[in-house]
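Open the model in your viewer and follow the stops below. Each one says what to select and what is there.

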Amino acid sequence: MQFTDTIYALSSGALPAGVAVIRISGPATAQAIARLCGPLPQARTATLKTIRTRNGEALDSGLVIYFPRPASFTGEDCCEMQVHGGRAVVQAILDELAAIADLRHAEAGEFSRRAFQNGKMDLVEVEGLADLIAAETEMQRRLALEHSGGGQSALYDGWARRLTHARAMIEAELDFADEDDVPGSVSASIWKDMQTLRREIEEHIGQAGLAEIIRDGLRIVIAGEPNAGKSSLLNALAKRDVAIVTEIAGTTRDIISVDLSLAGFSVKLYDTAGLRETDELVEREGIRRAHETIGRADLVLLLSDNPARFSVSEAVPGNIPIIRVATKIDRDDVSWLPSDADIFLSTRTGAGIADLLDALGAYLPDLAGKTSLSMPSRKRHVDCLRQASAALERSLLSEALGLDVQAEQLRVAGDALGRITGRIDVENLLDVIFSEFCIGK
Ligand SMILES: Nc1nc2c(c(=O)[nH]1)N(C=O)[C@@H](CNc1ccc(C(=O)N[C@@H](CCC(=O)O)C(=O)O)cc1)CN2
Ligand SMILES: Nc1nc2c(ncn2[C@@H]2O[C@H](COP(=O)(O)OP(=O)(O)OP(=O)(O)O)[C@@H](O)[C@H]2O)c(=O)[nH]1
């Protein structure tokens with residue numbers, strides 16, 4: 001695809017910074033380099049250049065790299081200027097670029113969009129790249145790299161090829177059915193493979209929950225009666241004062257949440273209003289929200305500072321795991337038996353916090369021995385995979401309806417896979433996907 005305009009943007013992060021990278025892409029790139037830096041540097045070679053205004057006045061000196069098409073990130077002529085990361089330096093260079101005909105500032109995600117439209121990346125890779133830039137935990141980084149690096153696309157392309165192969169074999173069987181030299185059993189091995197394929201797709205879909213935990217974080221909700229020490233625990237785990245702590249029961253009203261990174265995983269920790277009967281309007285709303293948050297938890301930490309009172313456990317739906325946490329064990333007016341709780345801690349002394357973190361670890365996915373994180377990371381992928389699997393199943397069950405009906409369902413399955421990588425009609429999706437990006441990507 002040929003774009004007529006040339007785009008530019010600051011691609012590196014917040015200024016001021018040691019070095020800033022300004023990217024240019026499009027047909028007028030060489031002309032822009034010539035205007036700002038004189039003769040074109042050797043292709044794909046970092047070259048120290050003086051960057052000048054229209055009047056020949058020096059703006060900065062920086063490393064300039066020219067990537068002639070098609071061997072560039074976008075597939076177009078590209079340039080990177082690695083300049084001093086001062087605000088005025090970068091602004092002056094962007095102003096110079098703006099003054100060149102056919103150059104305009106890039107929109108969010110526009111470089112990646114050109115890379116996609118020039119076949120440099122498919123949609124899964126593009127989405128993986130957006131995830132890679134957003135990744136905050138080690139597992140998010142690994143998952144995003146699997147997707148942005150093409151590992152996932154290779155899997156889906158391989159599946160699509162098997163479907164195409166199967167259809168080709170069926171076509172052959174239909175075309176030459178009456179000739180003796182085509183063995184009638186051609187499709188037997190094909191159906192066996194299609195059965196295997198369906199299993200592989202279903203297993204892959206089964207990994208989506210894990211991907212969701214990696215991407216969105218494990219939701220851990222701290223619940224319990226008023227004054228049990230919930231906010232104190234949130235603060236202790238967050239290692240800062242996020243929630244207000246007072247001796248007044250009913251202090252926390254709204255849901256407070258912090259993001260933690262635990263063993264490379266993202267964990268979302270929620271502090272909720274203490275659960276009790278109350279006529280106070282604001283507190284009641286707080287308690288309603290607490291119940292709602294508990295209902296969406298992956299794990300509930302149920303707190304109490306008194307062994308006689310783990311009674312609010314009925315507030316937690318039966319399918320959500322609970323860790324019973326005894327709090328304030330530094331106090332000597334309460335005595336606990338080992339069977340009273342799962343974890344015993346004091347945020348005042350720090351006792352038991354490490355035990356709690358260990359216990360939480362058991363609820364994180366176990367990725368030991370997994371070298372690749374091959375799993376569908378988005379609902380969009382899961383939806384397409386389900387469609388593929390359902391079509392494949394229909395095909396397998398349609399023996400009585402004839403080979404051409406079966407082949408048609410294989411085509412539907414292949415198209416569903418093609419939509420994941422964007423090889424098949426996804427025009428309507430592109431705006432949504434690329435709008436997730438920041439400017440300069
Ligand atoms: N300076 C800089 N660093 C960067 C990027 C960048 O654009 N610029 N990237 C941006 O995300 C990432 C690296 N990704 C890249 C992907 C493809 C090409 C590229 O030029 N591809 C050509 C040539 C490939 C080759 O030499 O083998 C191509 O695909 O034809 C460059 C960077 C991370 N680091
Ligand atoms: N001795 C002792 N006191 C604690 C400990 N943790 C919390 N407290 C005290 O218990 C009181 C209540 O603590 P919070 O953390 O606000 O309790 P909460 O469960 O969030 O209370 P609500 O927001 O009212 O539901 C405060 O006075 C805290 O200082 C602890 O480990 N030891």
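**Stop 1: the ligand's backbone contacts**

Select Arg-348: one of its backbone N or O atoms lies 3.2 Å from an oxygen atom of ligand 2. That is a polar contact (a pair of N or O atoms within 3.5 Å). Taken alone, ligand 2 exposes 650 Å², and the protein buries 91% of that. Such areas come from the Shrake-Rupley method with a 1.4 Å probe.

This is a predicted model, where local features need pLDDT of at least 70 and side-chain atom pairs count only at pLDDT 80 or more, while totals for chains, interfaces and linings use all residues. Residues are numbered from 1 along each chain as written, chains are lettered from A and ligands numbered from 1 in written order, and side-chain values use heavy atoms, without hydrogens and water.

Next, select Thr-347. A backbone N or O atom there lies 2.9 Å from an oxygen atom of ligand 2. Then pick Asn-227, where a polar backbone atom is 3.0 Å from a ligand 2 oxygen.

**Stop 2: the shell**

Show the residues around ligand 2 (a heavy atom within 4 Å). Of the 22, Lys-230, Ser-231, Ser-232, Gly-250 and Asp-330 come nearest. The shell divides into five nonpolar, 11 polar and six charged residues; Gly counts as polar.

**Stop 3: helix α3**

Select residues 110–117, helix α3 (a DSSP run of H or I, at least four residues). Seven of its eight residues are buried, meaning under 20% relative accessible area with a 1.4 Å probe, protein chains only. Among them are Phe-111, Arg-114 and Phe-116. Finish just after α3 at Gly-119, which takes a positive phi of about 75 degrees.

Key: Buried means under 20% relative accessible area, exposed over 50%, partly exposed in between (1.4 Å probe, protein chains only). Helices (H or I, at least four residues) and strands (E, at least two) are DSSP runs, numbered from the N terminus. A polar contact is a pair of N or O atoms within 3.5 Å; within protein, one must be able to donate a hydrogen and the other to accept it, and residues adjacent in sequence count only if both atoms are side-chain atoms.
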